[in-house]
Amino acid sequence: MELKPPPTVGPPLWLLAELTYRCPLHCVFCYNPVDYATQADELDTEGWLRVLHEGRALGAVQCGFSGGEPLLRDDLEVLVAEARKLGYYTNLLTSGVGLTAARAEALKAAGLDHVQLSFQDSTREVNDFLSHTKTFALKYQVAGLIKAQGWPMVMNVVIHRLNIDHIDRIIAMADELGAEYLELANTQYYSWALENREHLLPTAAQLRQAEATTARWREQLGERMRLFFVAPDYHDGRPKKCVNGWGSMFLTVAPDGTALPCHTARMLPGLAFPNVREHSLRHIWYESEGFNRYRGTGWMKEPCSSCDQREQDLGGCRCQAYMLAQDPAAADPVCPKSPHHGVVAQALARAEQPGGGVVERPLVFRDAATSRRLAQAAPPG
Ligand code: SF4
Ligand code: SF4
């Protein structure tokens with residue numbers, strides 16, 4: 001089968017500024033790199049301002065400020081104001097820690113368009129357990145501040161075995177708090193979530209129940225709240241078109257200035273990702289090997305290269321292929337056609353056993369000491 005040449009590359013539409021990996025929370029499913037503690041370097045304000053200018057000149061229209069906890073940067077208001085001035089639609093992705101009334105007011109004055117607030121659960125016990133902090137009450141207060149500033153109320157809850165049975169209460173909580181959008185994001189098993197996969201992977205019955213509950217609420221809520229249920233690729237058996245296509249829409253800049261096609265791509269071996277301190281974003285987006293390696297379909301091998309789904313899912317996630325098949329150019333193992341699909345099938349079978357099967361390892365909470373320890377270890381698979 002003849003492979004297509006690389007596609008014509010359009011501009012990035014989304015710039016994600018990961019301002020810091022520092023975070024007061026210790027979530028067991030944290031999407032930051034497992035070795036984040038070895039990457040403590042952060043761009044200074046001037047560095048981020050340059051990134052914002054170059055991103056907008058390239059054509060990016062949306063700018064997300066995330067982390068870690070972006071509110072730990074005391075120049076956040078400066079960066080938001082500049083992004084707004086440049087014409088970006090700006091959003092802040094936050095745990096809520098650090099969003100005081102004064103900062104909310106300052107961010108509103110800076111022109112921040114949208115805040116996404118994460119909760120870990122609808123109960124204080126599970127929320128505080130999963131984040132290893134006492135933050136549940138604070139998140140409630142922050143939700144009030146978001147409403148008071150007139151921002152759209154956007155909530156995000158990562159869903160997994162330990163909270164999926166609370167979906168009914170989670171949606172009710174979002175409704176009580178006046179959320180306009182609620183994203184129920186089933187856990188993706190990267191980074192810290194992969195370390196904790198045996199604890200977090202739900203059963204098929206749990207998932208079906210959660211989907212039915214969400215559908216019922218959707219009907220009941222009508223226009224009042226939009227509910228997004230992000231289906232898990234493990235159970236679906238359908239690879240996800242990773243970041244809507246490698247180097248096609250998203251440009252992430254990590255705290256130290258490393259530019260990435262998605263926030264976990266740095267784990268991939270044999271691929272040097274450029275740094276904004278050394279290269280312009282234009283060069284990075286159009287010319288760098290890191291952004292070109294997995295663009296389009298030309299890099300694929302079998303079974304993807306001859307598959308009729310290859311334009312739809314682009315072979316799934318490169319990081320998942322590396323983590324589960326130790327080959328970043330392999331078909332994503334969530335795909336039943338992958339020769340490595342057995343790894344996913346085994347994990348799903350184990351999830352069906354009482355208690356998720358024999359869990360030999362305790363839950364791993366994200367913290368700096370654990371990060372440094374895991375950085376020494378081989379990647380899990
Ligand atoms: S997932 Fe949790 S620990 Fe990780 S950055 Fe977000 S709030 Fe912090
Ligand atoms: S074989 Fe590759 S392209 Fe085909 S469905 Fe599976 S992951 Fe997608």
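Predicted model: local features only at pLDDT ≥ 70, side-chain atom pairs only at ≥ 80, totals over all residues.

Mentor: A cis peptide bond, with omega of about 20 degrees, joins Gly-67 and Gly-68.

Trainee: Why are α1 and α2 called roughly parallel to each other?

Mentor: Helix α1 (residues 45-58) and helix α2 (residues 76-86) pack at an angle of about 20 degrees, with their axes 10 Å apart. Angles under 35 degrees count as roughly parallel, and α1 and α2 are therefore described in that way. On the side of α1 the contact is made by Thr-45, Trp-48, Leu-49, Leu-52, His-53 and Arg-56, and on the side of α2 by Val-78, Leu-79, Glu-82, Ala-83 and Leu-86. By class, the residues of this contact of α1 with α2 divide into seven nonpolar, two polar and two charged.

Trainee: What makes His-132 count as partly exposed?

Mentor: His-132, in the loop between α4 (124-131) and α5 (136-148), has 17 C-beta neighbours inside 10 Å. A residue is buried at 20 or more and exposed at 12 or fewer, so His-132, with 17, counts as partly exposed. His-132 also has a positive phi of about 55 degrees although it is not a glycine.

Trainee: And why does Gln-326 count as partly exposed?

Mentor: Gln-326 has 13 C-beta neighbours inside 10 Å, and because exposed requires 12 or fewer, Gln-326 counts as partly exposed. Gln-326 lies in the loop between α14 (318-325) and α15 (341-352).

How values were computed: Residues numbered from 1 in each chain as written. Chains lettered and ligands numbered in written order. Axes fitted to C-alpha atoms, helices over the stretch in contact; angles between N-to-C directions. Helix = DSSP H or I, 4+ residues; strand = E, 2+ residues; numbered from the N terminus. Parallel < 35°, antiparallel > 145°, perpendicular 65-115°, else oblique. Contact = placed C-beta atoms within 7 Å. Nonpolar A, V, L, I, M, F, W, Y, C, P; charged D, E, K, R; others polar.
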